[in-house]
Amino acid sequence: MKKLVLIFTIAISSMGFSQETAAKKAGPPEGNALVGDFYGGNVSAKTEKKAITATQLEKKLKKAKKVENVAVKGKVTDVCDKKGCWLTVETENNEKFFVKMKDYGFFVPVALKGKNVVLEGNAETKVISVDEQKHYAEDAKKSQAEIDAITKPQEEIRFVASGIKVVN
């Protein structure tokens with residue numbers, strides 16, 4: 001009986017660990033990121049119509065370090081290959097800003113790269129540490145030379161999205 005209990009315990013433990021490993025290996029969600037698809041909370045048509053450009057967002061952030069409940073339209077230039085947990089959006093003047101998902105609550109497919117989106121959420125200007133910059137550069141599979149070139153903190157726009165919708 002003791003051997004049976006031991007075997008059962010080992011079997012259950014093995015299944016638990018294998019599921020945990022599978023969950024850690026999970027990548028970004030599948031999907032083609034087609035027009036009309038949304039991730040996180042739904043972005044309404046009303047919100048989509050009132051979306052501002054990334055350049056307008058930059059101007060607002062020069063007046064106030066944080067802007068809440070804002071909708072911004074832009075083009076996705078990069079998505080985290082590991083989980084789809086962050087993305088970058090290009091502004092009209094070819095600069096980029098960083099987007100994270102609210103409460104790490106949803107992820108996006110890598111197919112979102114190159115697509116136009118409306119982001120709904122909060123934006124702020126933050127100083128990003130060298131370590132954090134290097135972490136995201138590694139996630140983006142930048143070269144070691146590019147990672148090593150990061151040597152000082154940088155001020156940038158950070159957007160926390162509660163919803164993302166693919167648009168034309």
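Reader: Which residues lie nearest the centre of the largest pocket?

Author: The general idea comes first: a probe the size of a water molecule, rolled over the atoms, shows where empty space is left. A pocket is an open set of points on a 1 Å grid over the protein atoms alone, where a 1.4 Å probe fits and protein lies on both sides within 12 Å along at least five of seven lines; its lining residues have an atom within 4 Å of a point. In this structure, 18 residues line the largest pocket, and T88, F98, K142, Q154 and E156 are the ones nearest its centre. Before we go on, bear in mind that this is a predicted model, where local features need pLDDT of at least 70 and side-chain atom pairs count only at pLDDT 80 or more, while totals for chains, interfaces and linings use all residues. Residues are numbered from 1 along each chain as its sequence is written, and side-chain values use heavy atoms, leaving out hydrogens and water.

Reader: How much space lies in the largest pocket, and how do the residues of its lining divide?

Author: A volume is the space filled by probe spheres set on the points, with grid points joined across faces, edges and corners. For the largest pocket that comes to about 560 Å³. Its lining has eight nonpolar, four polar and six charged residues. Here Ala, Val, Leu, Ile, Met, Phe, Trp, Tyr, Cys and Pro count as nonpolar, Asp, Glu, Lys and Arg as charged, and the others, Gly among them, as polar.

Reader: Which elements each supply at least two residues of that lining?

Author: Elements are DSSP runs numbered from the N terminus: helices (H or I, at least four residues) and strands (E, at least two). Strand 3, strand 4, strand 5, helix 4 and strand 7 each give at least two residues to the largest pocket's lining. Over the protein chain as a whole there are five helices and seven strands, in the order α-β-α-β-α-β-β-β-β-α-α-β from the N terminus.

Reader: What lines the second largest pocket?

Author: E58, L61, K62, K65, T91, E95, K96, F97, T125, E155, E156 and I157 do. Helix 3 (54-63), strand 5 and strand 7 are the elements giving two or more residues there. This pocket holds about 210 Å³ of space, and its lining divides into three nonpolar, two polar and seven charged residues.

Reader: Let's turn to helix 4. Which of its residues are buried?

Author: Buried means under 20% relative accessible area, exposed over 50%, partly exposed in between (1.4 Å probe, protein chains only). In helix 4 (residues 130-139), the buried ones are V130, Q133, Y136, A137 and D139. Their cover includes strand 4 (86-90), strand 5 (96-101), strand 6 (116-128), helix 5 (144-148) and strand 7 (154-167). Across all 168 residues of the protein chain, 35% count as buried.

Reader: With which residue does K141 form a salt bridge?

Author: A salt bridge has a side-chain nitrogen of Lys or Arg within 4 Å of a carboxyl oxygen of Asp or Glu. K141 pairs with D81, and their closest N and O atoms are 3.9 Å apart. The two are 60 residues apart and link distant parts of the chain: K141 sits in the loop between helix 4 and helix 5, D81 in the loop between strand 3 (66-79) and strand 4. K141 is exposed at 62% relative accessibility, whereas D81 is partly exposed at 27%. D78, D81, K113 and K141 form a network of salt bridges.

Reader: Where do D139 and K82 lie?

Author: Their side chains meet in a salt bridge, at 3.4 Å from N to O. D139 is in helix 4 and K82 in the loop between strand 3 and strand 4, 57 residues apart. D139 is buried at 5%, while K82 is exposed at 51%.

Reader: How many salt bridges does the structure hold?

Author: Nine. One of them joins R158 and E156, at 2.8 Å from N to O; both of these residues are buried.

Reader: And the nonpolar core: which residues touch the most other members of the largest one?

Author: A nonpolar core is a set of buried Ala, Val, Leu, Ile, Met, Phe, Trp, Tyr and Cys residues joined through side-chain atoms within 4.5 Å. The largest has 27 residues, and L57, L87, F97, L112, F159 and I164 touch the most other members. Helix 3 and strands 3, 4, 5, 6 and 7 each give it two or more residues. Another core, of six residues, lies apart from it and includes W86, F98, Y136 and A140.

Methods: Contact means heavy atoms within 4.5 Å.
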